[in-house]
Amino acid sequence: MNMSKVYEVVKIKQVIKEVAEEEKFIIRCPQDGANVAAEFIGDEDREVFFILCMNTKNHVVAVHRCHVGGLNASLVVPREVFKSAILNNSASIILSHQHPSQDVTPSREDIEVTRRLVECGRLLGIEVLDHLIVNAKADFYSMKEKGHL
């Protein structure tokens with residue numbers, strides 16, 4: 001038997017938590033998305049990049065913490081952003097992150113990464129509906145409302 005080649009099998013594990021029907025999230029406006037994101041990442045002490053995966057009726061089918069960064073930056077890799085969306089058969093996603101300073105003003109890098117991820121979504125057939133910068137009080141900045149999408 002030739003053992004010169006070794007293959008590694010990678011297992012992707014999703015942790016699934018069922019929620020009661022009345023607890024399911026439906027996104028109708030940016031504030032709805034900001035409320036969900038703020039609940040999960042609003043008060044983090046480091047920058048966290050987060051996505052809401054949605055079906056065709058804008059019901060949130062999964063949430064995914066894509067990356068935890070440093071105090072003022074997070075390296076966002078499109079592959080990590082869209083992995084959960086693909087695995088959950090999502091029609092669309094909402095990007096979100098927070099700044100530990102609780103300031104929701106976007107940086108130039110925030111705007112650039114948004115444009116790059118929107119283009120990646122187009123190629124994959126997964127629409128990026130918005131990118132929300134949130135804080136613990138669910139204050140938010142919507143890239144879509146401000147014309148950055």
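This is a predicted model: local features need pLDDT of at least 70, side-chain atom pairs count only at pLDDT 80 or more; totals for chains, interfaces and linings use all residues.
Colleague: Which residue does R79 form a salt bridge with, and how far apart are the closest N and O atoms?

Modeller: The general idea is that side chains of opposite charge can pair when their charged atoms come close. In this structure the partner of R79 is E80, with the closest N and O atoms 3.8 Å apart, and the cut-off for calling such a pair a salt bridge is 4 Å. E80 counts as partly exposed, because its relative accessibility is 27%. The pair also belongs to a network of salt bridges that links R79, E80 and K83.

Colleague: How many salt bridges does a search of the whole structure find?

Modeller: The search finds seven, and one of them joins E44 to R65, whose closest N and O atoms are 3.1 Å apart. This pair links distant parts of the chain, since E44 lies in the loop between α1 (30-41) and β1 (48-54), while R65, 21 residues apart from it, lies in strand β2 (residues 60-68). E44 is partly exposed, with a relative accessible area of 22%, and R65 is likewise partly exposed, with a value of 37%.

Colleague: Where do E112 and R108 lie, and how many residues apart are they?

Modeller: Both lie in helix α3, four residues apart, which is about one turn of the helix. E112 and R108 form a salt bridge in which the closest N and O atoms are 2.8 Å apart. As for accessibility, E112 counts as partly exposed at 43%, whereas R108 counts as exposed at 55%.

Colleague: Which residues in α2 meet which residues in α3?

Modeller: From α2 the residues are P78, V81, F82 and I86, and they meet R116, L117, C120, G121 and L124 in α3. Sorted by class, this contact of α2 with α3 has seven nonpolar residues, one polar and one charged.

Methods
Residues are numbered from 1 along each chain as its sequence is written. Side-chain values use heavy atoms; hydrogens and water are left out. Contact means heavy atoms within 4.5 Å. Helices (H or I, at least four residues) and strands (E, at least two) are DSSP runs, numbered from the N terminus. Ala, Val, Leu, Ile, Met, Phe, Trp, Tyr, Cys and Pro count as nonpolar, Asp, Glu, Lys and Arg as charged, and the others, Gly among them, as polar. A salt bridge is a side-chain nitrogen of Lys or Arg within 4 Å of a carboxyl oxygen of Asp or Glu. Buried means under 20% relative accessible area, exposed over 50%, partly exposed in between (1.4 Å probe, protein chains only).
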